[in-house]
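Please read them beside the coordinates.

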Amino acid sequence: MALSVIRTNQGLVQPSKNTPSGTLNLSIIDKLPVLRCNARTLHVFRHGPGAAQVIRKALARALVPYYPLAGRLKESEYGELQIACCGEGVWFVEASAECMLDSVYYFDDTASIPYDELLPHQFPEGMNPLVLMQVTQFGCGGFVMGLIFCHSICDGLGAAQFLNAVGEMARGLEHPSSTTAWSRDFSPPPPHPQQLNATVFQNSPPPMPDYHLQHANIDISQDQINHLKQEFHDSTGQTCSAFEIVAASLWRRRTQSINLLPNAQVKLVFFANCRQFLQPPPPKGFYGNCFFPVTITAPSQTVARSSNSEVVRLIQEEKSKLGKEFWRWVKGEKREDGADDPFAPPLVYTTLFVSDWGRLGFNQIDYGWGEPVHVVPIQGSAIIPVCIVGLLPSHKKGIRLMTWCVEDAHRQPFLDLMKS
């Protein structure tokens with residue numbers, strides 16, 4: 001898709017008032033090496049004339065209570081990640097495109113989106129902001145927000161909480177409806193932090209896979225989801241969530257399509273919110289990382305030959321252990337399955353990662369012109385088999401699976417099985 005975008009203004013947006021300075025410690029999860037990356041998303045809005053100016057001002061106001069986001073990452077003397085609260089600000093780009101959003105179908109075709117045009121452009125060397133935002137105004141009056149967010153400081157729920165505060169400021173509220181709370185001390189610091197850093201990268205990196213994953217969107221209507229959930233209830237007498245039944249169907253159909261040896265071990269991995277397991281509970285307004293991987297392992301033959309209901313039961317059984325496994329990890333104890341690092345499952349073709357974006361809150365954010373048409377996550381890697389479970393565009397009810405999980409040879413069989 002060809003798109004001509006002109007970036008008209010760019011620079012740092014700092015908090016609109018003076019904010020505290022100093023250094024903040026991050027949590028045991030925030031500091032994970034696997035989170036030293038950026039999450040990238042596009043948020044597509046049907047209306048919003050003059051959106052860039054409105055959002056820029058709202059961003060400056062929201063950064064007052066969320067002042068750590070205007071800071072920078074730093075390392076302690078022991079090599080542990082921290083936030084330097086310096087108030088330098090976030091990177092903001094104003095841009096425009098002459099075309100109409102309906103002429104590009106509101107970027108509904110994820111595979112053809114010119115991401116580089118809609119995401120923030122390069123910032124000056126050495127600046128390293130934690131948040132980067134580009135607001136591109138289209139000829140129709142709609143706009144696209146391209147967002148890059150440092151994962152070390154927020155998970156999806158936390159990032160959505162911050163953006164909701166920006167939206168409230170844009171709509172004229174005096175203060176965000178939710179207070180903010182840092183509270184990253186829900187686990188004790190390691191007794192010898194200098195030793196921790198020395199062991200993080202003690203093993204050689206794994207060999208790079210030689211496959212290349214293909215993109216595919218799969219839309220599942222609310223009626224289809226309700227039918228699958230009813231089938232589960234009819235066969236078990238129990239209930240299941242939409243995520244559980246969709247993840248089970250996805251894992252089962254993908255396993256069938258990639259045609260592995262019967263005894264090959266396949267894994268399904270998804271990350272679950274763990275705020276409910278913290279004691280005491282995190283205060284209202286907490287926006288840090290607080291999740292833990294749920295990993296289900298089974299022979300390929302078992303997953304491929306099982307019914308959806310049987311795979312859902314496998315998922316539910318592993319989920320029931322979440323609280324215990326989370327605290328076992330926090331305390332530094334070995335997992336029951338003996339895995340060394342639950343946050344580092346093997347990055348191989350037999351592992352499928354599923355991420356649930358539908359309940360994070362991004363689809364409900366309003367900057368003054370209504371909620372987004374849809375939110376588009378951007379693929380982080382071409383070698384990690386992944387599916388993001390999102391919502392269908394705003395005029396439809398159901399789920400959209402945005403997948404990068406099969407090679408080209410397996411793509412059509414996978415799509416055919418998902419439609420059957």
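Buried means under 20% relative accessible area, exposed over 50%, and partly exposed in between (1.4 Å probe, protein chains only).

1. Basis. This is a predicted model: local features need pLDDT of at least 70, side-chain atom pairs count only at pLDDT 80 or more, and totals for chains, interfaces and linings use all residues. Residues are numbered from 1 along each chain as its sequence is written, and side-chain values use heavy atoms, with hydrogens and water left out.

2. Aromatic pairs. Rings of Phe, Tyr and Trp (its six-membered ring) pair if their centres lie within 6.5 Å; planes under 30 degrees apart count as stacked, over 60 as edge-to-face, the rest as tilted. The structure holds 18 such pairs.

3. F243 and F270. This pair is edge-to-face, at 5.2 Å centre to centre and 70° between the planes. F243 sits in helix 6 and F270 in strand 10 (residues 265-273), 27 residues apart. Helices (H or I, at least four residues) and strands (E, at least two) are DSSP runs, numbered from the N terminus. F270 counts as buried because its relative accessibility is 4%. F243 is buried too, at 10%.

4. F292 and F343. Ring centres lie 5.5 Å apart with planes at 90°, so this pair is edge-to-face. It joins strand 11 (residues 291-299) to the loop between helix 9 (322-330) and strand 12 (351-356). F292 is buried at 1% relative accessibility, and F343 at 6%.

5. Cluster. Ring pairs link F271, F291, F292, F326, W327, W329 and F343.
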